[in-house]
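User: I would like to learn how to read aromatic pairs and helix packing in a model. Could you take me through these features step by step?

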Amino acid sequence: MPGMNSGVNVNDPTVIAAFKSALLHQGLIALLIFAVLGLAWITVRSWWQATAGAGGQAAPAAGQAAAGPAVPLPAAEPGWRQLLRVGFGALWIFDGILQAQPKLAIGLPSQVIEPIAASSPAWVQHVVNWAGTTWSYHPLEAAAATVWIQIGIGVWLLAAPSGALSRLAGLASVGWGLVVWAFGESFGGIFAPGLTWLFGAPGAVLIYCVVGALIALPQRLWHSPLVGRAVLAGTGLFLVGMAILQAWPGRGFWQGSSHHGPGTLAGMTASMARTPQSAVLAGLIRAFTSFEEAHGFAVNLFAVTVLAVIGVLFLTGRPRLVRPAVIAFSVLCLADWVLVEDLGFLGGLGTDPNSMIPFILLAAGGYLALAAGGYLGLSPSPAPAPAPAPAVTAPGWRDRVRPASLRRDVAAASFRSVAAIGAVGLIILGAAPMAAAQASPNADPILAEAIAGSTASLNFPAKPFLLTNQRGQPVSLASLRGKVVLLTFLDPVCTSDCPLIAQEFRAAGQLLGPDARKVELVAIVANPVYHQLAYTQAFDRQEHLTSVPDWLFLTGSVPQLRQVWANYGIAAQILPAGSMVAHNDVAYVIDRAGHVREELSTDPGPGTTATRSSFAVLLAGAARQVLGAS
């Protein structure tokens, strides 16, 4: 899966510092969003109160409809919905905070997504690789986007208990959850051969989607026990299916060990015990691993039996049977969360607490919706029939957007509504930069900076040279005056770094667009043995450089080349194993007046598609900067 790996170390200090800086700046913008909204709300309310007082009218209280047609008050939110809305709102916020871990900016595609997708079918890998490539090309924008989108959805769910804003928050949870489930969890691993509930199937975020859909249900269904029956029946059917799959022979769960190694479950828990964590938790997991290795059949039999029984009890839809089943299911989930999933978020690369806590909330919410109309310990008393209200004509959209109507609506808005709108602002704060980055096919230059290190700003006359280009024509540095020169040194018979650097120069020329005619791409041979024109011409043909305008591959006699190498600090050393030459990978940016303005390391590192694109962006940016300054 080539798009998954940017080639940069997950602990790279350059990327981590840039990621923290991006989060800090966006955090300040987030505070500004809430401050501006709060100030506007307070200002409009104060103005409205003053206006209403002067006219002898009472100003609307926060959340109270302003003067106009009578609007029915929203029904009380049932307990099951409140539990799911608050619980999953908190989970989204927690997930967003986890996404701010420094390692995830670089490490999420290669160390989180790719291992999950590796055992999935080819079409799943293809889909996931597309998303991984996007992340690898734009790690800062992608990582920051997930932070703010998930925190925004969480705040939105917590702030909006009812009304259209609350239902929209549920739909936002569904939409983003499906994106994460498909691209971040490889569809929860449901197409992988090792699928099991014990490891988190069908993916935690799919439960987030189910709950988001429940929160988005219309108000008329809030107090219907059908919601609880549907939730419990769906969960019960899933658990029965997982019990059958867990019992299926040949999947390695019935054996605690096999071929002198751990079985499937023991192997999983043994790997989790190696995650950086507290000694107490690691000791518990190792103890369970040892127990599983010794009693694998009994452990799997227990898991199959309990999952099947709980699933059947959920399917009955009878509160007196469902209640103990929910309690037992919660205990089972907590045990699996600690002993098998290892809490799900440790080690610096965890993105969520895995599926057990969401499963507990979903089952509890289903029971509350089934019993007593969903109220927490309260049975709803029948409400008196409302008196018939006089028919009123609802205002049209033209009336709603009039300044007076807008001011009245803002004045009547509650603090929760303002907070919910601020949460939408958080989501846009994360999504907008990511959308802009997605529109660009080029990688972020931070990858090249991480590999090559910081650039050096210089200003001294470039040493002159007179060499021969690939067409046999003499070229001097003086003849290039009036253009910005990107200068590097390449070995024409190199098979490692030099072809990559040449392609980065070629891509940089394409990125310059109309400015490319003001820039000369120059390479000088860095091989004292194979420096003849035939080799530079063969290199150009091999790397498809013959049609690149303003590309010069210069060579000369060995004394001429050695003088140039000495002037530009190039150490060329023939490798013992063959004809290739070891030399430092460097590029110089020379301005139109012939002064060296910048020195960049062009060591391509791992040479991934992301780093090649990133170096091209870095080179093109350096040329544009010198063009603008000269």
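**Reading ring pairs and packed helices**

Analyst: In this predicted model, Tyr568 and Tyr588 are both buried.

User: How is a pair of aromatic rings described?

Analyst: A pair of aromatic rings is described by two quantities, the distance of the centres and the angle of the planes. For Tyr568 and Tyr588 the ring centres are 5.4 Å apart and the planes stand at 65°, so the pair is edge-to-face. Tyr568 sits in the loop between α20 and β9, whereas Tyr588 belongs to strand β11, and the pair thus links distant parts of the chain, 20 residues apart.

User: How many aromatic pairs does the count come to, and what kind of pair do Trp123 and Phe191 form?

Analyst: The count comes to 21 aromatic pairs. Among them, the rings of Trp123 and Phe191 have centres 5.1 Å apart and planes at 70°, so this pair is edge-to-face. Trp123 lies in helix α4 and Phe191 in the loop between α6 and α7, so the pair ties together parts that are 68 residues apart in sequence. Trp123 is partly exposed at 44% relative accessibility, and Phe191 is partly exposed at 37%.

User: How are two packed helices described?

Analyst: Two packed helices are described by the angle between their axes and the distance between the axes. The axes of α12 and α13 come within 9 Å and cross at roughly 170°; the two helices are therefore roughly antiparallel to each other. Residues that meet across this contact include Phe329 in α12 and Phe359 in α13, and the residues of the contact divide into 15 nonpolar, one polar and two charged. Ring pairs also link Phe329 and Phe359 into a cluster with Trp197, Phe238 and Phe314.

Note on methods: Residues are numbered from 1 along each chain as its sequence is written. This is a predicted model: local features need pLDDT of at least 70, side-chain atom pairs count only at pLDDT 80 or more; totals for chains, interfaces and linings use all residues. Side-chain values use heavy atoms; hydrogens and water are left out. Rings of Phe, Tyr and Trp (its six-membered ring) pair if their centres lie within 6.5 Å; planes under 30 degrees apart count as stacked, over 60 as edge-to-face and the rest as tilted. Helices (H or I, at least four residues) and strands (E, at least two) are DSSP runs, numbered from the N terminus. Buried means under 20% relative accessible area, exposed over 50%, partly exposed in between (1.4 Å probe, protein chains only). Axes are lines fitted to C-alpha atoms, for helices over the stretch in contact, and angles run from 0 to 180 degrees between N-to-C directions. Angles under 35 degrees count as roughly parallel, over 145 as roughly antiparallel, 65 to 115 as roughly perpendicular and the rest as oblique. Contact means heavy atoms within 4.5 Å. Ala, Val, Leu, Ile, Met, Phe, Trp, Tyr, Cys and Pro count as nonpolar, Asp, Glu, Lys and Arg as charged, and the others, Gly among them, as polar.
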